[in-house]
Structures are given as C-alpha cells and as structure tokens.
Amino acid sequence: INALLLVAVVAALAIGEYQEAALVVTLFALANWLEQRALNRSRATINATASLRPETAVRRGGLGEEITVDEVKVGDVLIVKHGEKVPVDGVVVSSGSGTA
C-alpha cells in the first residue's frame, strides 16, 4: 500500500496536481491513525476481558483446596459459590440453587 501511495503522490506531483498529492497523503495519514486507534481499543478490550478470568479454583474433596487455574485437570470437580466466576469450562454436576 505504501508503494501505491508513493506512486500516486509522485504521479500527482509530476502532472502538477499538488492539491491531489496533498489530499492523498492526508487521507492515507487519516487511515493510518484510524487503524492504530482501532487496534489500541481492541487491545484494551481484550486485556480488560482477560483480567476478568479468575486465577484460582477450589477443588472439591477433602479440605476444598484452592489451586491455580493451570492446575485444574480434566475430570476435577470444582466448587463455585454463588456470585463467583466460573474459572474453567465445564459441566454443572450439581447445584445448591435448585437448578443444574
């Protein structure tokens, strides 16, 4: 795209269309600014979403030990209390709220 921009600007300058060359450069700069703005907003949204992920889970059994999410294995049964975020994907085995 930069090569096409360069060709367009050089061609416009070669035929004396200075306003056209300036317009092409301005529009290209605006497009780059909008792209960077969109990327920055996307990154911020992704980071905000990732920060919502719980770092720990409570494994059922014995003392209900608290473990990191990375330590959860397939087949583990976790305890998720009312109002807590579910730390990993899974299936509800039982529920104390009356729904499962």
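A salt bridge is taken here as a side-chain nitrogen of Lys or Arg within 4 Å of a carboxyl oxygen of Asp or Glu, and the side chains of D76 and R59 meet in one, at 3.3 Å from N to O. The structure is a predicted model, in which local features need pLDDT of at least 70 and side-chain atom pairs count only at pLDDT 80 or more, while totals for chains, interfaces and linings use all residues. Residues are numbered from 1 along each chain as its sequence is written, and side-chain values use heavy atoms, with hydrogens and water left out.

**Salt bridges**

- By this rule the count comes to three salt bridges.
- D76 lies in the loop between strand 2 and strand 3 and R59 in strand 1 (residues 56–59), so their pairing ties together parts that are 17 residues apart in sequence; strands (E, at least two residues) and helices (H or I, at least four) are DSSP runs, numbered from the N terminus.
- R59 also meets E65 in a salt bridge of 3.1 Å, N to O, and bridges that share partners join R59, E65 and D76 into one network.
- Another salt bridge is formed by the side chains of R53 and E55, at 3.9 Å from N to O; R53 is partly exposed at 42% relative accessibility, and E55 is exposed at 54%.

**Largest pocket**

- The largest pocket holds about 670 Å³ of space, where a volume is the space filled by probe spheres set on grid points that are joined across faces, edges and corners.
- On a 1 Å grid over the protein atoms alone, a cavity is a set of points where a 1.4 Å probe fits but cannot get out, whereas a pocket is an open set with protein on both sides within 12 Å along at least five of seven lines, and lining residues have an atom within 4 Å of a point.
- The lining of this pocket comprises 21 residues, and those nearest its centre are L78, V80, V91, V92 and V93.
- Of the lining residues, 10 are nonpolar, six polar and five charged.
- L78 is found in strand 3 and is partly exposed, with a relative accessible area of 21%; its C-alpha lies 9.5 Å from that of V92, a residue 14 positions away in sequence.

**Surface patch and loop**

- L23, L27, L30, W33 and L34 make a nonpolar surface patch of about 500 Å², with accessible areas taken from the Shrake-Rupley method with a 1.4 Å probe, and with only the protein chains shown counting as cover for residues.
- W33, one of the patch residues, has its place in helix 2 (residues 18–50) and is exposed, with a relative accessible area of 51%.
- G75 lies in the loop between strand 2 (66–68) and strand 3 (78–79) and is exposed at 68% relative accessibility.
- The C-alpha atoms of G75 and E35 are separated by 44 Å, with the two residues 40 apart along the chain.

Definitions and conventions: Ala, Val, Leu, Ile, Met, Phe, Trp, Tyr, Cys and Pro count as nonpolar, Asp, Glu, Lys and Arg as charged, and the others, Gly among them, as polar. Patches are made of residues with over 30% relative accessible area and no salt bridge: like charges are joined within 9 Å, nonpolar side chains (Val, Leu, Ile, Met, Phe, Trp, Tyr) within 5 Å. Buried means under 20% relative accessible area, exposed over 50%, partly exposed in between (1.4 Å probe, protein chains only).
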